[in-house]
Amino acid sequence: MEQFNEKVKTFVNNRWLVFVCSMWVQSCAGVGYLFGSISPVIKSAMGYNQRQIAILGVAKDLGDSIGFIAGSLCEILPIWVILLIGVVQNFVGYGLIGLVIANVLPDLPLWVLCVAIFVGTNGETYYNTGTLVSCVQNFPKHRGPIVGILKGFAGLSGAILIQVYLMINFPNEAALIFMVAVGPSIVVIALMFIVRPVGGHKQVRPSDGSSFLFTYSVCIVLAAYLLGVLVLEDLVGINQTVITLLGVILIILILCPVIIPILLVSASETSPPVEENLLPKPEKQEAGSSEQDSDEVILSEVEDEKPPEIDSLPAPERQKRIAQLQAKLFQAAADGAVRVKRKRGPHRGEDFTLRQALIKADFWLMFMSLLLAAGSGVTVIDNLGQICQSLGYSDTSIFVSMISIFNFLGRVGGGYFSETIIR
């Protein structure tokens with residue numbers, strides 16, 4: 001019984017379980033990508049014109065873009081609180097819109113609906129912040145794939161939510177807005193205590209490469225399956241039973257990655273996991289502050305001088321090689337052969353505070369790239385419903401799903417290739 005409890009504790013604290021649960025959170029976190037399906041419903045129910053729908057789209061985009069509040073709160077609050085704030089915002093914002101569309105509440109002014117959709121969509125930023133911060137801290141050596149996969153699932157969430165909506169067979173299209181308010185909230189509440197930093201840098205295993213390969217395989221199969229379902233639904237008239245079966249298969253595919261932490265825990269030994277620390281912890285802390293500072297500076301040089309192949313070595317050999325490198329650096333510094341520079345703030349790839357990031361050229365390069373390049377895609381997503389209707393298509397869900405699927409593939413591929421190029 002004691003061994004079983006230990007296995008359960010190891011499973012709950014496994015970084016791969018946190019990553020998989022973060023994928024599930026992100027699978028329902030991109031509700032903003034459903035605006036192409038929601039906007040025609042709002043337009044017909046409220047009698048809005050295209051200009052008013054565009055204003056709603058701008059409010060939605062602002063809510064999806066203002067994430068610095070979530071990032072700032074993440075510095076002082078636990079991750080589960082961050083996710084809970086997102087749940088409240090998502091439920092209140094889209095729930096209010098759903099009640100108005102269903103005539104439960106009287107028609108409200110446009111500015112009230114703009115505030116509601118802003119608040120509801122801003123909840124996504126808390127989901128994104130909570131999952132990304134947790135997983136990046138748990139996988140410090142694989143940030144590219146982690147960010148690419150998680151953001152990819154956020155983009156795919158539009159297609160996933162549409163298939164779930166079709167599977168449940170709601171009586172009217174207004175129910176889609178209620179599903180957007182309730183569905184993600186239930187999923188996030190169920191997982192918010194699992195998604196958190198768990199000291200993942202201490203859980204490095206030789207099988208991590210195979211685990212990422214399996215995750216990428218699931219991503220490709222999932223995208224191909226959704227494309228096949230869309231083609232089948234468009235070309236062949238299938239009944240509700242088949243749609244439900246296809247939806248169940250989709251959910252099974254999304255759940256598949258949980259196999260990774262299950263296998264890792266079942267195959268693990270009772271010994272503690274391998275640490276990814278660059279150096280063993282010092283046994284003694286002497287009183288001399290200058291000596292401590294010198295040690296810290298030299299230890300920070302180890303990361304710069306460490307050959308990349310050391311990370312792939314077994315744990316005992318890796319620690320031995322790093323200890324040898326540490327000794328050489330100490331000796332070189334003592335002989336005056338190495339000029340040790342004091343560390344001034346974090347280096348690229350380390351954790352930055354907001355103030356530290358604002359003075360870095362990298363931050364502003366990424367900021368300007370997103371500011372200038374991301375607007376075209378957002379414009380298409382916001383106006384997709386009206387574009388489809390102008391071309392004579394009454395059902396916009398297939399086009400929303402297509403954009404979500406290729407959005408997903410682009411983000412996952414971007415994370416994979418960026419990591420490959422950097423390494």
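User: How many aromatic pairs does the count come to?

Analyst: The count comes to 11 aromatic pairs. Keep in mind that this is a predicted model.

User: What kind of pair do Phe153 and Phe408 make, and why?

Analyst: Edge-to-face, because their planes are at 75 degrees, and over 60 counts as edge-to-face. The ring centres are 5.3 Å apart.

User: Where in the chain do those two sit?

Analyst: Phe153 is in helix 8 (residues 143–168) and Phe408 is in helix 18 (residues 397–422).

User: Is Phe153 buried or exposed? And Phe408?

Analyst: Phe153 is buried, at 2% relative accessible area. Phe408 is buried as well, at 0%.

User: What about Trp364 and Phe367?

Analyst: That pair is edge-to-face, because the planes are at 80 degrees; the ring centres lie 5.5 Å apart. Both residues are in helix 16 (residues 361–373), and being 3 residues apart, they are separated by about one helical turn.

User: Why does that spacing matter for which way they point?

Analyst: An α-helix has 3.6 residues a turn, so residues three or four places apart point the same way.

User: What else is Phe212 in contact with, leaving aside its neighbours in sequence?

Analyst: Setting aside residues within four places in sequence, the contacts of Phe212 include His142, Pro145 and Ile146, along with Trp16, Phe19 and Phe139.

User: Back to helix 8. How many residues does it have, and what does it reach from end to end?

Analyst: Helix 8 has 26 residues and reaches 36 Å from its first C-alpha to its last. That is close to the 38 Å expected at 1.5 Å a residue.

User: Where does it bend?

Analyst: At Leu156, by about 40 degrees.

User: How many of its residues are buried?

Analyst: 20 of the 26, so helix 8 is mostly covered, because buried means under 20% relative accessible area.

User: And what comes just after helix 8?

Analyst: Asn169, which takes a positive phi of about 60 degrees.

Note on methods. Residues are numbered from 1 along each chain as its sequence is written. This is a predicted model: local features need pLDDT of at least 70, side-chain atom pairs count only at pLDDT 80 or more; totals for chains, interfaces and linings use all residues. Side-chain values use heavy atoms; hydrogens and water are left out. Rings of Phe, Tyr and Trp (its six-membered ring) pair if their centres lie within 6.5 Å; planes under 30 degrees apart count as stacked, over 60 as edge-to-face and the rest as tilted. Helices (H or I, at least four residues) and strands (E, at least two) are DSSP runs, numbered from the N terminus. Buried means under 20% relative accessible area, exposed over 50%, partly exposed in between (1.4 Å probe, protein chains only). Contact means heavy atoms within 4.5 Å. The expected span of a helix is 1.5 Å times one less than its number of residues. The bend at a residue is the angle between axes fitted to the seven residues ending there and the seven starting there.
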